[in-house]
Amino acid sequence: MRASSVIDVILGEAVSGTREQRYNDMLAIASVIQNRALSTGLSPEDIIAHPGEFNAYGRSLPPGVKNHRALAEAAMQEVIQNGPVTEA
């Protein structure tokens with residue numbers, strides 16, 4: 001499966017560490033996506049698809065990351081509801 005959605009990109013970028021470390025990485029990645037979307041007026045989907053911005057976009061997801069999909073979805077929801085955790 002290739003990373004083609006915001007959640008897929010978050011999964012493909014945050015690929016290691018403990019569950020807590022991975023969630024913190026996912027929060028940071030979701031924050032970057034959200035910050036760029038807000039500052040440019042583009043959708044998060046447009047942000048992730050921009051060439052060279054996110055290495056995971058369009059690439060195969062690493063084995064086992066599907067087990068963390070709910071974690072990635074929770075991280076994105078948290079950023080949408082409570083705002084980005086970083087200004088990056």
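Helix 2 and helix 4 cross in a right-handed sense (a crossing is right-handed if the near helix is turned clockwise from the far one by less than a right angle, and left-handed if anticlockwise). The model is a predicted one, in which local features need pLDDT of at least 70 and side-chain atom pairs count only at pLDDT 80 or more, while totals for chains, interfaces and linings use all residues. Residues are numbered from 1 along each chain as its sequence is written, and side-chain values use heavy atoms, with hydrogens and water left out.

**Stop 1: helix 2 against helix 4**

Select residues 19-40 for helix 2 and residues 69-82 for helix 4. Helices here are DSSP runs of H or I with at least four residues, numbered from the N terminus. The two axes come within 8 Å of each other and cross at roughly 45°; axes are lines fitted to C-alpha atoms, for helices over the stretch in contact, and angles run from 0 to 180 degrees between N-to-C directions. Helix 2 is therefore oblique to helix 4 (under 35 degrees counts as roughly parallel, over 145 as roughly antiparallel, 65 to 115 as roughly perpendicular, and the rest as oblique).

Next, display the side chains at this contact, where contact means heavy atoms within 4.5 Å. Helix 2 contributes Arg-19, Tyr-23, Met-26, Leu-27, Ala-30, Ser-31 and Gln-34, and helix 4 contributes Leu-71, Ala-72, Ala-74, Ala-75, Met-76, Glu-78, Val-79 and Ile-80. Coloured by class, the contact of helix 2 with helix 4 shows eleven nonpolar, two polar and two charged residues. In this scheme Ala, Val, Leu, Ile, Met, Phe, Trp, Tyr, Cys and Pro count as nonpolar, Asp, Glu, Lys and Arg as charged, and the others, Gly among them, as polar.

**Stop 2**

Remain on helix 2 and centre on Ser-31. Ser-31 counts as buried because its relative accessibility is 0%; buried means under 20% relative accessible area, exposed over 50%, and partly exposed in between, with a 1.4 Å probe and protein chains only. A polar atom of the Ser-31 side chain lies 2.8 Å from the backbone nitrogen of Val-85. Neighbours within four places in sequence aside, Ser-31 is in contact with Val-79, Pro-84, Val-85, Thr-86 and Ala-88.

Asn-35 also has its place in helix 2. With 18% relative accessibility, Asn-35 counts as buried.

Ala-37 touches Leu-42, Ser-43, Pro-44 and Ile-47, residues up to four places away in sequence not being counted. A C-alpha to C-alpha distance drawn from Ala-37 to Ile-48, eleven residues apart along the chain, reads 9.5 Å.

**Stop 3: helix 1 and its surroundings**

Select residues 6-13, which form helix 1. Seven of the eight residues of helix 1 are buried: Val-6, Ile-7, Asp-8, Val-9, Ile-10, Leu-11 and Gly-12. Helix 2, helix 3 and helix 4 are included in what covers these buried residues.

View helix 1 together with helix 4 first. The two pack at an angle of about 110°, with their axes 9 Å apart. Helix 1 is therefore roughly perpendicular to helix 4. The crossing of this pair is right-handed. Val-6, Ile-7, Asp-8, Ile-10 and Leu-11 of helix 1 meet Arg-69, Ala-72, Glu-73 and Met-76 of helix 4. The residues of this contact comprise six nonpolar, no polar and three charged.

Helix 1 and helix 2 pack at about 135°, and their axes are 9 Å apart. Helix 1 is thus oblique to helix 2. Helix 1 passes helix 2 in a right-handed crossing. By class, the contact of helix 1 with helix 2 holds seven nonpolar residues, no polar ones and one charged.

**Stop 4: Gly-58**

Finish in the loop between helix 3 (44-49) and helix 4, where Gly-58 lies. Gly-58 counts as partly exposed because its relative accessibility is 34%. Gly-58 touches Arg-2 and Ala-3, with residues up to four places away in sequence not counted. Gly-58 and Val-9 are 49 residues apart in sequence, and their C-alpha atoms are 8.5 Å apart in space.

Conventions
Polar contact = N/O pair within 3.5 Å; in protein donor to acceptor, adjacent residues only side chain to side chain.
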